[in-house]
Amino acid sequence: MKLLIKKIYNHPNFVFLRNLLDFNPIKINTSHISPNLSVSDGFLWRTEKNFRTIFKFTDLYKLFFGELSKVKIVFYDKNFKQLKSLNFSDLNLYNNLTIDKNFMHGIEDYGTFYIFHETEKNIDSIIRNSCYTGYQKNNKIFSFVHGNLPTLVNTKNRKIQKNIIGKSLFFYKNYKIQKNFFNYDFSEIFLQNPTNSKIFFFLNNTKYSLNKYCSIILKIKKEKIINLKSKCFIFRPIVFSYKNNYIDVHHG
Amino acid sequence: MNFFFCLDDTNINSKLTIPKFQNEQNLKQSILLFSLHSQNNKWILNKTECDSDCDFFYIKDKDHIHNTIYFLAQENDAHNIIKNNVISNINKLTDTNPAFRANLEIENEMGGFSSYQSDYPFDMIKISNGILSPLSILLTENADINKIYFRNIFFKPTAHNGNYYIINKKQKKILEQGIIETNKTNIIHIKNDFINEENYFFTSNISGIPIYFSQKNNHISFEHTHPPHQYILSEDKYSLVKNLKKNFNEIIN
C-alpha cells in the first residue's frame, strides 16, 4: 500500500499538481526525462562592454562511456531568439569555445546557450552538461563559474523539450543571495527565466518580467542584500561584482 | 548541516561572509556562529567572536586559528556537535535546496579579488574515498600562478596523511605526487606545463573540495570543480564514477 501511495505521489501528473499548488514541490524535476537524453544547464554568453566568454566543456559520453558524442550548441539572444547553432563530432575529451563579437557576427550583447550530446549507442543514463564558462573583460584573466541550473533537454527527434524548473501557480518565493553586495563599486545580476512561461519577479522592490527562457542583466549599486522574489522555484543568478579594476564572477 | 572555512594561505587574504538567512527565509536571530578546530586529537568547540550585523557573520584570516571550521547553531545545541570526539549532525538550519552557502572571497595585496559561494556538507565529512578532477578546465595555462586549494574536513579530529597525484591519463603515468592532510586546506602549486586535457588531479583516500586558483597580472579566477557524479542525473551515477576512478586507482597502484 505504501509503495502504491509513493508511486502515485511521484507520478509526473501528481508532481505537476504538487508543483502548481506549491505542496512539497520538486524544484528540479527530471522524472519525465528518458534515458539516453542529454540535459543542458542554461549558460550565459556576453560580448558587450568588452567581454569575451569562453566555454570549457567535456565530451561526457566519451568521459563516462568511452563513446564519442555528437554535440550541438545552440545560441540564443536575450529574447530567446535563436542566433546560431553549431554541430561538432569527433571532439576532444575537453574542449574550449571562445565566444566574442566576431563569433557572434558583430553582436555586442548577451544571451544564453545550451549544449546537447547525442550518441548512436543506447546508453541507459541521463547526462547533464553543467560545465564551465569563463568571462574576460578587457583581455584580463577569464573568471570561471560552473553551470548551476538544468534548463533544457534535447529529445531524440532533436526538438528541445522543456519543463525542468517548475513554478508555483499562486505563491511567490524568495531567493535571497547569500552575499553582502555593499562594498563593491557595483554588481550585475544575470537572470534567466528557466520556466516555459512568462514570469514576473522583484529584485528587492523593483518589478520586472521575463518571457520564457529570456534573460536579463540588472545593475545594482550600494545595495547590501539582493532578494529575488518570483513564482519560479529556483531563480538562481550569476553575479558579476566589480571593485576598482577587478571583476569577480560566481553563481548566486 | 553545512560547515564553512577560510583558506589559510599566507599569500592571500580570505574573508568568509556567513549569512544569517536561508535563500527562502530568515533564520532566528538567536542563531550563533561556532567554530571547531582540532588540537591534540581532540575537537575544540568555541563560540565565535567576530564582526557581525543583522544579516551576516564576517570572518577574516587574522581572526582565527588555521584550519578552523564554522557552523551555525542555537546556543543550547552547539555543545552536542561533538559526541565521542567525532562531529555529529545537530541541526537542519543549513539544509536547503539550493545549498546554504557562505561567500568565500580572496584578495591579493594589489586588490585583485575573486569569490565563490562555498559550503562543506556534513555528508562529505565521513567520506574517505578520493576525488578526481581535470586540470585543464579551471586553470589558466599562461597564468603567473596556478594552484589548487584542496580542503578536507574529516569527522574525526585527526590529521592523517594521504597522497595527491597529478596523473597523465593517456600515458598512464604519475607526473607528480605529494602529501595532503585531513582537516586542512592543502595548497598545491600546479606547473603551467601540467595544464592540458590529459592531466588530472587525483586523491585516492582523502575526499575534499578542489578549488582552482589562477592569477595573472593580479587578476584572479577562483572556482571549484563539480564532482563527476553531478554530470549524471540517472541512478547509475555512482557506479559510473566508480568505474571512471578505477582506471586512476590502477595507475597509482
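## Close-up views of chains A and B

**View 1. Polar contacts and salt bridges link the two chains.** Between chain B and chain A, 28 residue pairs are in polar contact, both residues being at pLDDT 80 or more; a polar contact is a pair of N or O atoms within 3.5 Å, where within protein one must be able to donate a hydrogen and the other to accept it, and residues adjacent in sequence count only if both atoms are side-chain atoms. On the side of chain B that touches chain A, strand 20 gives the most, with 6 residues. Sorted by class, that side of chain B has 26 nonpolar, 23 polar and 10 charged residues (nonpolar: Ala, Val, Leu, Ile, Met, Phe, Trp, Tyr, Cys and Pro; charged: Asp, Glu, Lys and Arg; polar: the others, Gly among them). The rule also finds 4 salt bridges across this interface, a salt bridge being a side-chain nitrogen of Lys or Arg within 4 Å of a carboxyl oxygen of Asp or Glu. A:Lys243 forms a salt bridge with B:Glu107, and their closest N and O atoms are 3.9 Å apart.

This is a predicted model, in which local features need pLDDT of at least 70, side-chain atom pairs count only at pLDDT 80 or more, and totals for chains, interfaces and linings use all residues. Residues are numbered from 1 along each chain as its sequence is written, chains are lettered from A and ligands numbered from 1 in the order in which they are written, and side-chain values use heavy atoms, with hydrogens and water left out.

**View 2. Here is the area buried between chain B and chain A.** Contact (heavy atoms within 4.5 Å) joins 59 residues of chain B to 52 residues of chain A. The buried area is about 4800 Å², and carbon and sulfur atoms give 54% of it; buried area is the accessible area (1.4 Å probe) that two parts lose on being put together, summed over both. B:Phe113, B:His219 and B:Tyr231 supply 16% of what chain B buries against chain A, more than any other three residues.

**View 3. An open sheet of 5 strands lies in chain B.** Its order is 4-3-7-1-12, with antiparallel pairing (strands are DSSP runs of E, at least two residues, numbered from the N terminus; two strands pair if DSSP finds at least two bridges between them). Strand 4 (42–47) and strand 12 (120–121) of chain B each have a single partner strand, so one side of each is left without a neighbour in the sheet. B:Phe5 has B:Ile69, in strand 7 of chain B, as its bridge partner.

Methods
Helix = DSSP H or I, 4+ residues; strand = E, 2+ residues; numbered from the N terminus.
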